[in-house]
Amino acid sequence: MTRWLRKAPVYAVLVLLTLMWLLPVVSSFLVSFKSSEDFVSQTFYQLPTQIYFFKNLVTVIAQYRLLDNLGNSLMYSAAGTVVVIIAASMAGFSIVRLRPKFNFALFLIIYSGTLFPFQMYLIPVYRLFNTLNLYDTRTGMVLIYSAICIPFSLFVYRGFYTTIPREIEEAAKLDGCGPARTFISVFLPQSLAPTAVVALFQATWIWNDLLFGMVLSRAQSVRPIMVAVATMTGYGGGNIPWIMTAVIFTSIPTILLFVVLRKFFIQGMVLSITS
Amino acid sequence: MRKMMGLMLCVVAGALLLAGCAAKPTNLVLMHDKGGNPNYVPFFEDLGKQAKAAIGVGFTQSPYPTTDVFQAAVRAALPTSKAPDLFTWWSTYRMKDLIDNGLVADLTDLWNKHKAEYPQGLRDAFTFNGKVYGMADVVEYWGVWYNKDVFAKYNLKVPTTWDEFLKVCDTLKKNKITPMLESVQQRWPTFILFEEMVARQDPKLYVDLCEGRAKYSDPRVKKAFSVWADMIAKGYFTDPSTDLFADGPRLFNAGKVAMIPCGSWYLSVLTGGGVAIDKADIFVMPPVNASAGKVVIMEASPIVVSAKAPNLAAAKKVVDWWMGPEGNAAFAKMLNQYPANAKSDSSFLPASKVNFAKTINDGYQVLNRYWEATPTAICEKAVDKFAEFILKPSSVDTVLADLDKIADDYWATAKK
Amino acid sequence: MSYVFILPAFALVVALLVLPMMQNVYYSFFKWDGISPPLFNGLKNYLAMFTDPVIAGSMLNTVIWVVFTLVFPALGGLVVAVFVTGLRGENFFKSVFFIPLTISFVATGIIWTYMLGRELGVLNGVLALLGIPLKPSYLTSVPLNTFSMIFAWTWQQLGTNMVMFLMGLGTIPRDPIEACIIDGANKWQTFVHVKFPMLAPITTVVITMAMVNSFKVFDIIYVMTRGGPYSSSETLAISMFRETFTLFHMGYGAAISVVLSLIVILISAAYIRRMTKRDMLYY
């Protein structure tokens, strides 16, 4: 009983915080279930007179061609993540184990990509894409997303590979394995945890990106999903029930990804910090 | 793991293959920033199809989420081979620097072809150094939208003099209804009341101010600001954080705000937000100075063709159709707005807008909107200064001094 | 061979990030509107920043962001992590703070713009329900707007820091804690003397990341206030964007981003040095 009493204030604060954290989620859901008429005439806590979510969803999908953009973003998230996993794991292996000359400098050059604000390269990349004919192409989008995601991923792989004991590698060497074989048969099989982390973080990042999609693409067949969502808000705030419906609809993939890979998320944090 | 590696390579190969066959537009591209509110996305979609059906050339649209990125994207694309065939823009000063750099296609021949269908004044607004650039899709005027039910309830009549206008505000205020909406959200709406206040004081002063012949610290400008400040102090406006688009229709519908000064296109924002079409009507704000006379602010929004448009001939063909009575009416009808082409059918317009047009045609002097009438570099900074004044009316002197500095800086380099 | 392995990553990053950054530095010495030919401007763009009152305001706001993101999401994450551990319903509470993490900035901005609306917003609705006669304009009164956005940011970011600290707490061995309890220390003393020092490496990371991210904060401000009204909620990242995208001062915008980058590098210098040292120790 006394234990419970001692914990009471903690619970009170946590419950209050929980309410604060859930309020936006619940209110957004409520809005997405309303028609514009309900939204205009009701206060925020009132229940909609009829469930409008699916109607809103159908309208939004048809009008803003959300499915095109959804497909693009799925492709960017998948392809970008795969490119990143391959490039970053190889580079991590090289830096930690093959140790080329200036390996730390090379690492810092790549790592600097996460430190600089994107404003540093946004405009020049736009111009570069224009000259290379990459502007408004899916290839261009995959390339820029991969480039942006590599620094953090390299950081994760590098950290992880330093924890793999040297003995295993020595044994492989004695068996006559070259670096390629060692990488594929010794390092890759053990890389499930960092790979899941990189996949989770980078796929989510690519999915959620607005700015690069907005600046580097133009055609509906190239644009990522967040641009479509942002377009609905336009300069006028738009139709709020529609927008909330789109927000919820487009958040489902990342929420699912986090639910599925949650275990790895925690592990990933361990990796990126303790290493 | 090796299997996984193979799988991954397959995904990459597949993705790159997909990426390889990137969009090669067989259609024309129209870039615009009007995907929010008012929402033109379905209208452009429809018009593209109508054009295709009518003349065999259509267009697809590329909406941008925000005006700033849209402007930057257009400016960046114009000198390249990725220039949009068509794009929405603003008239006068907003077009000037694009034209100065030779980025906009000359459409004089099309304007000549349709000469009989357009008033000279509109043509002049699109003319630079004797050439006409861009086409007008719709022309809208700025007034005050009011809630007819609220006016009827308190027995209010549409004001024709400034005193009547103030009386209307006063009655509403006494009945705990906020007379007018005023907003600093989204930045640009701050110029709405600025231009109304100055133009109702003295239309010539407004034009001189926009074109650098008058100072913001001019006593007449100061007087306009003090009238405005007085109204703010009396509580005639909503809190400036009220959003013109998100909050406006709802407050209007609930009768919490009786009047919203905005463009005549705002009707579609109201109806889009759930307001019944016959609940709203519009009038021109009366002059503060009787000598200011009948003045109304105009907004002509052009569709522009890029000089480097990849399909220039096709783009001009679309413009030719769009400028004509049929295409012009088709678009205006979807928007519920005034077709720029005088020969277009406009029978679709709701009563409120028909009457409004009648009033304006009855001897009103037409002025350009501040957004286009003054150089962009001044306007973009000035709207922030107006916001500062709206939020802190006591700062009027520093605001006007800052405005003078902004304008002086611009005109000093522009006249070189 | 070692270079072959590093090449794909290196090539992508250098071609698409590093070289463009250098080009940006180059632009920062020009006066350029993006259309007409650039004019060499020397250091004028950099000097102009010192006399630009808007930049001074952005600097101040940036500092506010940095300080308060250390207080709310970072310290808050620690407090929640400490108190939630071992509590009944631990997983539920963790999940609650976790939800916003998965949501994009676009969504967060849209949701919080709705929450904070003066007339129709949920927060003011709740105040009215509770009978509190306050109706703040969260996004237009200065400096409340900056704090409102920091709150939205906290809503989104607290979870990350909580997870990091939770994980750190999980790795602390039991022995020193038990030893401390045997010595008669209470909970608070154990925390201060044993747990907190052992969290040091994680705390460093959390603080560095919080600071770097708050210097770079852009999306949420862009979606919620766009730095307004009258640039009152601008940070350096937003100023750069406004100069470049609405005023077409490409050179000046580039100069601001260079200065911002220098600050970020300076802040993370200590962290990088730690990394360098450890790297040397490793071999």
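This is a predicted model: local features need pLDDT of at least 70, side-chain atom pairs count only at pLDDT 80 or more; totals for chains, interfaces and linings use all residues.

1. Chain A and chain C meet through 67 residues of chain A and 60 residues of chain C. On the chain A side, eight stretches may be traced by the reader: helix 1 (2–32), helix 4 (66–98), helix 5 (103–115), helix 6 (122–131), helix 7 (138–161), helix 10 (192–208), helix 12 (225–233) and helix 13 (240–274) of chain A each contribute at least two residues.

2. Which helix of chain A gives the largest share of the side that touches chain C? That share, 12 residues, belongs to helix 13 of chain A.

3. As to its make-up, the side of chain A that touches chain C comprises 51 nonpolar and 15 polar residues, together with 1 charged residue.

4. Within chain A, the domain assignment sets out domain 1 (2–52) and domain 2 (56–274). Between the C-alpha centres of these two domains of chain A the distance is 33 Å.

5. The two domains of chain A also touch: 9 residues of domain 1 are in contact with 8 residues of domain 2. On the domain 1 side, helix 1 and helix 2 (36–41) of chain A are the elements that give two or more residues. Helix 1 of chain A provides the largest share of that side, 4 residues.

6. By class, the side of domain 1 of chain A that touches domain 2 of chain A holds 4 nonpolar residues, 4 polar residues and 1 charged residue.

Terms used. Residues are numbered from 1 along each chain as its sequence is written. Chains are lettered from A and ligands numbered from 1 in the order in which they are written. Two residues are in contact if their C-beta atoms, placed from the backbone, lie within 7 Å. Ala, Val, Leu, Ile, Met, Phe, Trp, Tyr, Cys and Pro count as nonpolar, Asp, Glu, Lys and Arg as charged, and the others, Gly among them, as polar. Domain bounds come from an automatic or database domain assignment.
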